[in-house]
Amino acid sequence: MLLGEQDQFLSYNGEILVFQLSKPKHAEEADDKTMNLSVRRMVFNRDTKLFVQKSSGAFSVEASHSKIEMLSCSCTTDSRTGIILPCVLMKKKKRNSIKYFLLLLHSSNQFEPSFYFKLDYELKEDIRLFAGPSLLWRHDHKLFYISSNTCVVQSAPVHLSCVVWTGEIVGEGTVVLGIRTACLPETEDPDGFSVSDRAIWGSEFFGYAIQSQKFLSGTCFMPHAYSRVVSSVHVCRSERLRKQLRISLVAITHKNQLVWFQNGAPKGVCDLPYEQPRSVTPALTSSRDLLFAVSFASGNSCAVQRRDSLQVASKWQKVKCVLVDDFIGSGSEQLLLLFKDDSNTDVLSTFKITDLGEVDYASSITYKHDVPAAEGLQENGLLTVRALETRLQAGWTSVRELQQHLALQKRVILESCRALIDLVEERPHILPNSKEEGLVSLWDDEENLPDSLSKETPSASEVPEHFTEELWQRVVGDSLVVGVKLTESFYLSLSDVSLSLVMDQDFSSISPIIKCQSKIIKLNKAFSALAVSPGQIEPPPKKMKLDLHGKNDLRKEFPKRSSRIQLDGARTVAAVTSLSPLLAFHRVCCVVLLHARKQNHQNDDLQHSKKITVLCGKILLSLEDISNGRYSIKMLRDNSYCTGSMEDILAVLAVSVRFSFQIVSCDCTLTPVSSWLLGEMECTPFKECQDNIFCHKAGNVHGTIFNWALNNPFEGVLTIFCRNLTVLFQCLHSLTRVLPPSCSVKLLRSGSKAVLTEQLALALEKEVLTLKNSLFLKETKAGNSLTWGDESGKKNNNAPLASLLDTEEGVQQFRKKLQKEREESVQSMNQTLNGALYQKTALKIAEAQLSSDMIVWRLAKS
Amino acid sequence: MAAAMKRRRGTDPDPDPDPDSDPGPGPGPEPEREPERGCLRAWAAQSRAVVGRWTTARCGGETRRVCRQLRDELLELLRSIRGLPVALPALPLELTVLYNSLLFTVGASDSVIKGEAEGIRQGLLRVLEACGACGQDLGTEELWEKVLQEVTVEELQAPLRRLGALQAAWWLAASQLASVAGLFQLLSTAEDPGRAHCSEGQNKLLSLIKAWRVPPEGASLPLVQSAKDLKEILHTAAAFLQGLQELEAGNFPTALSLLQEAAGGFCSKNILAQIHTCLGCCAQRMGKPQTALQHLKQALQVDFQCLPALSHVAAVYHDLGEIDTGLQALTLLYEALGKSPPPAASSAPHFLMQTELLVHTPVLTSLLRRCHPSEVKYLLAQWCLQDGRVADAVEHYLDFLSLLQEGLQQQVPLDSSSALPRIPEVFLEAASALEQAGRHQDAITVCEEVISRTTDLIPRVLRVEERLEQPESSLPGAELAENLQAEVEVLQKIRFLSLIGRGTQFLEMGRNKEALLDFQHSLQISPGDPAAASYLVQALWELNRKQEAAAQWQKFSQSCPAEDGQQQGQGRPLPLYLVSCQEQAVFPHSETLARSIQDYLRAAAQDTPR
């Protein structure tokens, strides 16, 4: 039997029904009078692996002067019995009137006409058969339906653009899922992501329950956005949970995607391999996998598997139709692919039954076979193995690194032990080859500080004529700042410097002394390091040794910079006091007094320093001046600089709380910090002292001063001078967002570790010297004798000492010297000492020990 | 049966109902009133969740696995978004998801970026589609131009420009610097015309990147890596890349300043060490060894695993004549190479986009070539021998030869950039070292080894002349001829030295005639050679042909000084293994001979006037 284009295939209980419309065979019967609708039931035989005809039936239609067509066929519930039966929709066109009728097929292969109706137009769009049997279609944006119960064409009160699905929804009966132009409520919130899908894409889904004639929300099927693309839907499951409708469905779109939805939300997307998908059918296969068979307008088909994600599992070309049912009787479903075949015209001769698992039957005739299946899955497996391998390797590498590290540590310890033994036994110690000085010089610190040896500290013994350079006052917020700028030479001879303000007028009721807080501030007039130009001169082969004994470096108030610093030694002592109590007097005149301890000579002997109080000058404060803004600070942004007088800067620094943070990054450079300062915080450096930068960012953080000093590309100290803790936290919060994740930020409580370490070294050295010198005390006066032996001063002495230790002969020489000194000290043991001298010595030693203990404590805390 | 089938269909597919998700809104009489869960909001939430997970995960280990997982999730999300018709309100989100997914793709792959970012192209086409334009047939550069010039929608500007930075990264990785510059020009002019102008002397691309104002990051569309980071990385990478290009082109001052700019930028330890190494090499080529040393030192301070820097340090010291330090550096390098395994793939990327992924050029590869231990050993041996540290040289040569015994393929890099000469030459150098150390028997053994191994390779007749006369049309032929010429010179030198050697032996044995013949032959090979000439005079003197001797001596002492200087400069330098032979061939008694001849001449002169 020839297979025509008109033929329809339907799967029904594992059988395939083939409907054919043909002219009767008997030629003697009047031509064009009747047409035969025949059906053949085909069953798959697992032994022969072929479809065989089980039974057949026919129905003749009177067709005089009319054209008969088979429109569609489907399986629907017969409402009289509740049994699902195959039905066929037929069309009979006779001049202008078109008659449609529905035939039910019973198991006895008898056709039963169910109902018929006449229309003056042709059914074309969205024709669906459903329970009843009933029929619905769309015509001119309207939805019409008819059922066998009523046999009357009814219309739904809806204006729609298409129907994507019709079927049963639990509790609702037959529901039509359609798409229409969105009807937007007026109260749309247009901003942000709350804009509704309908507002964006302009169309929406709606559900219409035919029996109850009510509308369902489209969002329990899919987001409205998809109404623009979905062409066909298959609802896999619908259930009610606490009165809520829960629907799982699969949809195919014009954008060639298959989307899986659960409870109205997309749960998986898969790009389809061909254009224009037409229909999708789910199949539950033996491996409990959900499989979607998608057929395309081009005659291609593909199967999409749903495991972890949706994946195209197989694809076929030249497919006439795809049916899903249990064809082999195994209890689960398979796909049946019927291929187009021009050469062989027998029904069901070229087919394939598969569930992409165990089941795979194909007709013996070869056909264009599919493209390899499940490529992606295999690739995944490969990737997993590769990832595991990499992990194993990484683990192995780290174990080896650890082992090497241990070995290295062991070597260092052994080497140190050997050196120690050699030292004790006074044997020369031979360093291992690779560590000799030629290479050691590579690790030297780069810092190239100006030679501080040349800078003689003056030995001023009295208060010089011009010890103060300037006296000034500023108003910052609610505080009054009074500053006294001291010359460096004078400052260096002082310790414990503080200011006090005393009211000049006599107010009997209150104390004339104003409570204030003193701070010592030093600003480096430094310039930011210039980029090294390519034409720079070659550095000399040997570098200068870093001098740790320069007193000036350690007294610095701010972290030092490794770039060239133009030292301006002037210090400012500032007194900060609350302004408002003073303003109560309207006009007030204050005397500024400087208190300090003045040191004799160059030692730190507290016993020999005397307390001094010096009058620095007077300040006049009036409400009028303050109202006029005479003493207020002016920080202006001028191009890329911040202009403000030195006094303004000092005043702001004096009233601010200071916090230093050490920022260490373990794997990337710290350039984000400076770009954060200059960018997000809108900072500009002061023209006067470019180390410090002023924050212009509007808001709470405005006026904060930062100091960012990089020690190397991966470590730096950020000092924040801020008004209060809130500002500090704001800054830190903002900073942590720009810092690389591997960075660590640590609050430095008492100076940086490096500075403290240096201080400790010096303090310990001093302690040793003090101890040693106390042993040499003969008749020499204490205070004068804190020098190494008889030589001129420790500065001149220490530099050669350091260089002595560099070479082996040097060490020997040093050893001899030590020996000599040891003998000397033994000699001096026998001498007597007077009580007062002993007392002084003991005090000095205690002081030295106290100072080093202090530093140790601070170091331990940091 | 039909009922059974119906039930089966009904109980169908969903193996994992999702109890966590919100219950869908139930049917009501007027469903339009219900709050609607829009796609846009769901996508934004998903995108935010992914970024949040990355922010917490990136500080921990296994970042690559997380990265891969999140990439897949974002790609799925992107597929969902692209599955719907393009809509302006959704585009900022779509572009942001695209940006993040591309970054995850980069982070998950851990290899340098290659090829075209197809995702960006698709994104741009979607933008054009939303604006009612199309650009399917445009190249990516033109597409960017069209998009940045024609799309004026305010909401799209920030995400588009961020995407532009990513595009720049892709182009930078492909060394398409002109495209990058063009893109940044567009990005700058689009936001602020006339702002980006380059002042004199500055690098145009770098100032363009610097001038680019990073669009602010909104809280609603978080990014996995900020565009600010990206800008810094691009800046460093562009400076580094251009520095390398200038270095290759020989413009050292420009290269130096570019590399210095790169070193001041945002990068990882690894890259900083590489930049300093390149700076060191650049300074060295500029003839500034001390600067070079400082840069190399910095490279090692930053990352001691940057061993190429150490080998450059050794080379610089060697060039400076500080052989001790150079040798120590080599020893250290040898030890370090023996200990550390080759650097494994970077373990935990905190950043998805990194400078490492953008800069990969042949120059960099050759500058950062990891020395093979055997090469270092050979260099140690060679430098010791050159410096006359014979005992050390012998040790190193023997070490090297034992390395060879272990297997040629594993021990010796066979690529063209290797520092090793041909293996027989290494044997000869070893023999020379042994000989100088007084281990004559060992030297002979080594030489015999060379002979036994190479005899089969030597052709019976070497037709050098014929080959030279062949017409040399192609360049390789000319090169071959040049090489052959050098080889021939070396062979002549060997012949010369052996003739001198044999001659002196004859002279000692008193077979003066044979000695004379050898010296004459050697003078033919190297006319005017002072040693050969002196020996010739000596032989004539011994043969009592005093007049001839005196004449030869006079001739040679007149022409001698000029010849000496000439010989050094030409052709291949004397192979290291011939240096000691050359030294031995020097005529030892030139002063005695000169005196006796002068005496003779004086006597002859006194005779003649009479």
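**A proline and its surroundings**

Modeller: Setting aside residues up to four places away in sequence, Pro672(A) touches Val738(A), Pro740(A) and Phe266(B). The model is a predicted one. Pro672(A) sits in helix α9 of chain A, which covers residues 671–680. Its relative accessibility is 6%, so Pro672(A) counts as buried, the cut-off for that being under 20%. Another residue to look at here is Leu735(A), 63 residues from Pro672(A) in sequence, with a C-alpha to C-alpha distance of 9.2 Å.

Further along chain A, Thr770(A) belongs to helix α11, residues 753–776. Thr770(A) is buried too, because its relative accessible area is 6%. The side chain of Thr770(A) comes to 2.5 Å from the backbone oxygen of Lys766(A).

Chain A also has some loop residues with backbone geometry worth checking. In the loop between β9 (125–130) and β10 (134–139) of chain A lies Pro133(A). The peptide bond leading from Gly132(A) into Pro133(A) is cis, and its omega is near -10°. Cys151(A), in the loop between β11 (142–147) and β12 (154–159) of chain A, has phi near 60°, a positive value in a residue other than glycine. With a relative accessible area of 38%, Cys151(A) is partly exposed. Asn256(A) likewise has a positive phi near 60° and is not a glycine. Its place is the loop of chain A between β18 (244–253) and β19 (257–262). Is Asn256(A) buried or exposed? Asn256(A) counts as buried, because its relative accessibility is 14% and the limit is under 20%.

Chain B contains 28 helices and zero strands. It has 610 residues, of which 49% count as buried. Among contacts in chain B with a separation of 6 or more, 67% are between residues 24 or more positions apart.

Start in chain B with the loop between α9 (204–211) and α10 (227–249), where Ser226(B) is placed. A polar atom of the Ser226(B) side chain lies 3.1 Å from the backbone nitrogen of Asp229(B). Beyond its neighbours within four places in sequence, Ser226(B) is in contact with Tyr99(B) and Glu217(B). Helix α10 of chain B also holds Glu248(B). Glu248(B) counts as exposed because its relative accessibility is 56%, and exposed requires over 50%. Glu248(B) and Cys282(B) are 34 residues apart in sequence, and their C-alpha atoms are 9.6 Å apart.

Next come two helix pairs of chain B. Two packed helices are described by the angle between their axes and the distance between the axes. For helix α5 (residues 118–130) and helix α6 (residues 140–150) of chain B, the axes cross at roughly 35° and come within 10 Å. The crossing of α5(B) with α6(B) is left-handed. On the α5(B) side the contact is made by Ile120(B), Arg121(B), Leu124(B), Leu125(B), Val127(B) and Leu128(B), and on the α6(B) side by Thr140(B), Leu143(B), Trp144(B), Lys146(B) and Val147(B). Sorted by class, the residues in this contact of α5(B) with α6(B) are eight nonpolar, one polar and two charged.

The other pair is helix α18 (residues 390–405) and helix α20 (residues 423–436) of chain B, which pack at an angle of about 145° with their axes 9 Å apart. α18(B) and α20(B) also cross in a left-handed sense. From α18(B), the residues involved are Val390(B), Ala393(B), Val394(B), Tyr397(B), Phe400(B), Leu401(B) and Leu404(B); they meet Ile423(B), Val426(B), Phe427(B), Glu429(B), Ala430(B), Ala433(B), Leu434(B) and Gln436(B) of α20(B). The contact of α18(B) with α20(B) comprises 13 nonpolar, one polar and one charged residues.

Methods. Residues numbered from 1 in each chain as written. Chains lettered and ligands numbered in written order. Predicted model: local features only at pLDDT ≥ 70, side-chain atom pairs only at ≥ 80, totals over all residues. Heavy atoms only, no water. Axes fitted to C-alpha atoms, helices over the stretch in contact; angles between N-to-C directions. Helix = DSSP H or I, 4+ residues; strand = E, 2+ residues; numbered from the N terminus. Left-handed = near helix turned anticlockwise from the far one by under 90°. Contact = heavy atoms within 4.5 Å. Nonpolar A, V, L, I, M, F, W, Y, C, P; charged D, E, K, R; others polar. Polar contact = N/O pair within 3.5 Å; in protein donor to acceptor, adjacent residues only side chain to side chain. Buried < 20%, exposed > 50% of the residue type's maximum accessible area, 1.4 Å probe, protein only.
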